[in-house]
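Please look at the sequence and the structure shown here before reading on. The report after them is written for a reader who is new to structural descriptions.

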2 protein chains.
Amino acid sequence: MASYKAPLNDMNFVLFDVLKADGLSQLPGFEDATEEMIRAVLEEASKFAENVFQPTNQDGDIEGCQYDPETHNVTTPKGFKEAYKTFAEGGWSGLSATTEYGGQGLPHLLKIVVDEMACSTNLSLGMYPGLSHGAIDALTEHAEQELKDKYLPQLISGEWTGTMCLTEPQCGTDLGLIRTKAEPQADGSYNISGTKIWITGGEHDMVDNIVHLVLAKLPGAPDSSKGISLFLVPKFLEDGSRNPAFCGGLEHKMGIKGSATCVMNFEGAKGWLIGKENEGLKCMFTMMNAARIMVGVQGLGLAEKAYQISLGFAKERLQSRSLTGPKSPDEKADPIIVHPDVRRMLMQQKVFLEGARCMAYFTGYHLDLAHKHDDESVREESDDIVQIMTPIIKAYLTDEGFFSTDQALQSMGGSGFTQDWEVEQLLRDGRIARIYEGTNGIQALDLTGRKLTIKGGRLPKTFFKVMNAMIADLDNAEHQEKCKTLLKTLQGALMWLGQEAMKDPEQAGAAATPLLKLFSLCAMSVMWATMAKKANEGLGSGKYEDAFYQGKIKAAEHFFRLALSQAEMHKADIEAGKSTLMDMAEGEF
Amino acid sequence: MASYKAPLNDMNFVLFDVLKADGLSQLPGFEDATEEMIRAVLEEASKFAENVFQPTNQDGDIEGCQYDPETHNVTTPKGFKEAYKTFAEGGWSGLSATTEYGGQGLPHLLKIVVDEMACSTNLSLGMYPGLSHGAIDALTEHAEQELKDKYLPQLISGEWTGTMCLTEPQCGTDLGLIRTKAEPQADGSYNISGTKIWITGGEHDMVDNIVHLVLAKLPGAPDSSKGISLFLVPKFLEDGSRNPAFCGGLEHKMGIKGSATCVMNFEGAKGWLIGKENEGLKCMFTMMNAARIMVGVQGLGLAEKAYQISLGFAKERLQSRSLTGPKSPDEKADPIIVHPDVRRMLMQQKVFLEGARCMAYFTGYHLDLAHKHDDESVREESDDIVQIMTPIIKAYLTDEGFFSTDQALQSMGGSGFTQDWEVEQLLRDGRIARIYEGTNGIQALDLTGRKLTIKGGRLPKTFFKVMNAMIADLDNAEHQEKCKTLLKTLQGALMWLGQEAMKDPEQAGAAATPLLKLFSLCAMSVMWATMAKKANEGLGSGKYEDAFYQGKIKAAEHFFRLALSQAEMHKADIEAGKSTLMDMAEGEF
């Protein structure tokens with residue numbers, strides 16, 4: 001019933017009017033990534049998402065994946081295999097992968113925009129190549145030449161897919177507890193034995209081979225997260241024989257039912273070491289930023305589609321009269337978009353979506369600068385931004401994306417609760433994004449316990465520097481003032497935390513979640529103020545319709561409606577300290 | 001995997017220590033409702049919920065209801081029929097119904113507590129008799145003697161169930177748009193024709209007869225909500241013949257899958273008028289308070305079970321070490337309840353649940369006073385409280401109950417997302433409670449546009465009077481001060497609104513949702529401060545364990561941690577007015 005159209009104007013506005021992403025073509029290796037080229041790629045991607053990914057989404061949810069305990073095989077929903085094949089043939093698997101192995105070598109920013117469309121139209125399907133991408137990054141960065149040569153071309157072409165095998169029944173967050181073992185063999189390979197759970201795409205029927213990246217422990221390795229190594233374990237070995245890495249069953253989940261979430265049993269499977277011994281976690285972390293940003297974009301993508309559906313509904317559904325008299329006098333009632341409370345739900349979505357998109361693309365832009373800029377100081381500054389923004393993007397976009405989708409559902413009343421309108425699926429699918437790739441609580445701890453302190457506390461300094469530079473660039477004094485007030489509120493909270501957390505690390509643990517929200521608000525304020533400025537400049541230019549620009553300008557006002565009092569609340573929460581949380585004895589809950 | 005235990009201590013604490021509900025036995029007709037008797041009934045109810053309702057919940061969700069298009073029959077999930085039969089035989093259907101027709105005539109407050117347990121253990125199943133209860137109320141209040149004699153005994157005994165047929169494809173909120181027709185017949189009956197949708201329990205296999213209450217229009221009736229009449233339409237007529245009121249299909253929904261949500265086609269079905277012509281909406285509204293309070297309790301009940309599951313999980317799941325050093329040194333990791341951020345999620349639940357329970361029971365207590373007290377001024381005051389609290393209970397308990405369940409799921413990480421732990425089902429089931437029986441936006445408009453203004457604005461005055469009396473009763477000066485500050489914040493917002501809404505009704509529409517939240521916070525603050533006082537008094541008494549009392553006292557502190565800054569935010573939201581919502585042209589969204 002619902003039909004998504006990629007918000008190309010919104011996307012291009014952020015890319016070229018706000019971020020000036022055409023500048024990426026001046027970076028070494030990105031010469032082809034001109035504005036014209038990026039626009040053309042996005043145009044193609046939008047058609048692909050709308051026409052290939054979208055049609056299989058609802059049926060995929062209803063049908064789900066099927067497991068056959070006899071063969072250990074997994075069947076994906078009808079149409080997934082064909083859609084994936086079209087995806088791979090279109091070269092989308094290797095969009096940002098190295099040209100050395102057949103990738104297109106385009107900016108990561110571009111991949112983020114394309115990911116957004118894929119997440120909007122079929123998250124379950126998009127996750128199979130999404131996991132491949134993580135494997136491609138890890139191999140590109142850490143594997144020896146021979147392994148690269150053997151596995152990268154097929155992963156990049158999409159002929160094969162990849163997985164990340166981290167979680168075990170007894171450990172998710174705390175990977176130091178891993179029990180999977182790797183026994184060295186005479187030929188330089190390893191025998192991998194153990195059980196992994198929640199493995200996305202661990203087994204499926206869309207490709208001929210699956211390349212598992214598996215965390216395991218070598219004999220005698222330290223009994224902590226410093227004793228974990230990373231291994232490549234293919235489903236089929238070079239000689240075509242089946243490696244004993246079998247799917248033991250599928251999880252039954254609230255959402256993303258078209259994505260095969262597998263129990264994987266490694267029964268002495270042959271594998272090869274990636275990177276150095278006991279440095280498996282380090283290898284995983286190098287691809288974590290991109291993976292976490294992508295999960296954030298899932299929250300955004302799902303919420304975008306929900307917004308489109310609910311906005312269409314609000315314009316069509318006739319129910320009750322406007323409080324100021326009939327707006328559609330020829331009908332028996334007015335469209336519900338006339339009601340202030342319905343607009344409240346729509347505006348909450350619009351403000352989240354467009355601000356979050358700007359924040360995600362801004363971070364993606366810095367990811368490319370961090371990798372490719374020829375000036376080391378620019379690379380460093382951009383890397384700081386990426387490092388500190390990554391947990392924010394992951395947690396804020398998935399939390400608020402969920403609540404945005406929730407508002408879409410609510411604004412549609414009973415219709416939103418039925419499967420007819422897809423929004424309930426988007427809400428279920430989006431629930432997992434707040435959990436996997438590190439729960440949002442873990443993101444908050446990563447921000448508070450790690451990102452604020454590493455490199456002598458340089459990351460938050462860079463954050464403030466970059467934000468202040470953007471604020472200095474504004475020409476709306478009121479926006480400027482509000483952004484400054486927000487940053488000052490954040491700075492106050494950070495000062496309090498700096499003193500308290502030194503005395504007691506639990507203060508940082510207690511402050512983590514509201515602190516991440518406060519950071520998010522600050523970044524959002526700068527994004528919205530900047531977008532409002534660019535929209536104001538664009539009025540009358542004809543580049544986009546004036547209604548488009550006006551929508552941005554007015555949405556910025558709606559964002560600032562509550563930003564300051566929300567920030568005050570988070571600061572109060574932080575400065576209330578740990579006591580009401582930690583004073584409770586276990587038996588008092 | 002999960003096992004709910006009715007929180008009898010928490011329930012009894014609110015009933016007898018906070019509300020002094022033993023006083024209900026002094027009301028005429030409630031002589032039997034002594035503390036001893038109420039405790040005994042709740043003890044029985046808890047066993048019933050835990051042992052009869054609970055076991056069918058998860059399977060009922062997976063199996064769902066089945067529709068047969070040949071016969072128009074609906075099959076409920078395995079075990080539902082037997083569980084319902086046990087429920088009816090136990091006399092639970094008529095717990096608060098009039099003794100004249102076989103009910104037990106017990107206080108409505110008691111029914112609310114029992115409802116909470118039913119909602120915790122199997123909402124889908126509990127909805128069938130829940131709808132009967134609405135029909136019982138409507139018939140008791142408005143039907144002529146003959147109809148009462150014919151239908152009330154079987155509804156009250158649970159031998160038959162009832163429905164409410166309001167919604168049609170073109171109208172949910174706006175019932176003035178109803179098209180179902182009622183043609184008067186020579187024998188005094190009416191021929192009912194039309195299609196109703198989203199009819200809970202419209203057709204099912206658990207009972208021999210179903211009594212539909214149907215809103216329809218008489219010939220020549222006004223074309224608005226003032227032209228609607230209410231009819232009783234049984235599935236089987238007295239002579240045993242089938243009345244043409246057929247199920248045309250089931251909705252496919254996000255949750256409450258064991259509850260049959262039916263399309264109902266009335267094809268010239270025989271019906272009888274209830275109440276006066278064109279006063280159907282009035283008849284529905286008399287049962288609306290009880291129905292809306294019950295939906296609020298659904299949000300509470302689901303969240304209670306989710307809390308129990310997540311609390312158990314947090315005590316058992318070992319992952320990472322406490323930030324202040326190992327707490328379970330003999331294990332490889334500490335239980336996750338040691339982590340501040342996990343406690344944040346648990347405390348949010350505890351504070352919501354126990355405060356909301358107190359608020360719901362407080363309102364239920366006043367519902368009984370409003371009906372039964374022999375002093376008219378007490379009845380009036382209690383009715384004011386019920387009237388103003390009803391939309392608050394409905395919206396706040398279902399919204400926050402959903403978010404509380406959401407926190408339970410989040411605190412369990414990936415486990416929460418799987419069907420193994422039931423929390424994801426509780427979240428899906430709870431999503432509808434924010435929509436049906438009037439969306440929460442409609443509740444906010446009911447509060448702002450109706451409850452604040454009727455009876456010359458007496459309701460909010462009574463609210464402040466009762467709250468201030470409870471505040472005066474406190475002995476903790478800090479709590480007293482904070483409660484007063486919250487009420488003052490609310491009063492300020494009401495003053496602003498009083499002035500603005502007179503000039504422009506859309507200001508009230510724009511303010512409605514944050515105003516309801518602000519009211520809720522005020523009521524919650526008085527409930528928590530009162531509970532803290534009673535808990536403080538109870539320390540060392542041995543009535544409950546000291547850990548129980550300490551838990552209440554500390555949770556009250558956690559509630560007040562953020563209450564004031566949240567209230568400021570809502571006030572700012574209200575006073576920001578309608579402009580950022582209403583200034584948007586439709587094309588600017």
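## About the model

This is a predicted model, in which local features need pLDDT of at least 70 and side-chain atom pairs count only at pLDDT 80 or more, whereas totals for chains, interfaces and linings use all residues. Residues are numbered from 1 along each chain as its sequence is written, chains are lettered from A and ligands numbered from 1 in the order in which they are written, and side-chain values use heavy atoms, with hydrogens and water left out.

## How the two chains meet

The contact (heavy atoms within 4.5 Å) takes 92 residues from chain A and 92 residues from chain B. About 8100 Å² is buried between chain A and chain B, and carbon and sulfur atoms give 59% of that area; buried area is the accessible area, found with a 1.4 Å probe, that two parts lose on being put together, summed over both. In chain A, the residues that lose the most area to chain B are A:Phe417, A:Arg561 and A:Phe589, together 10% of what that side buries.

Between chain A and chain B the count is 12 salt bridges (a side-chain nitrogen of Lys or Arg within 4 Å of a carboxyl oxygen of Asp or Glu). A salt bridge joins the side chains of B:Lys554 and A:Glu588, at 2.8 Å from N to O. Helix α16 (residues 546-575) of chain A gives the most to the side of chain A that touches chain B, with 13 residues; helices are DSSP runs of H or I with at least four residues, numbered from the N terminus.

A:Gly60 is found in helix α3 (residues 57-63) of chain A, and A:Gly60 is buried, with a relative accessible area of 1%. Here buried means under 20% relative accessible area, exposed over 50% and partly exposed in between, with a 1.4 Å probe and protein chains only. Not counting residues up to four places away in sequence, A:Gly60 touches A:Pro77, A:Phe80, A:Lys257 and A:Gly258.

In chain B, B:Lys533 lies in helix α15 (residues 505-538) and is buried, with a relative accessible area of 14%. B:Cys483, in helix α14 (residues 477-503) of chain B, counts as buried at 0% relative accessibility.

## Salt bridges within a chain

A search of the whole structure finds 86 salt bridges over all chains. One of them joins the side chains of A:Lys465 and A:Glu381, at 2.6 Å from N to O. This pair links distant parts of the chain, with A:Lys465 in helix α13 (residues 454-472) and A:Glu381 in helix α9 (residues 376-411) of chain A, 84 residues apart. A:Lys465 counts as exposed at 52% relative accessibility, while A:Glu381 counts as partly exposed at 26%.

In chain B, the side chains of B:Glu354 and B:Lys552 meet in a salt bridge of 2.8 Å, N to O. B:Glu354 counts as buried at 6% relative accessibility, and B:Lys552 counts as buried at 1%.

Terms used: Helix = DSSP H or I, 4+ residues; strand = E, 2+ residues; numbered from the N terminus.
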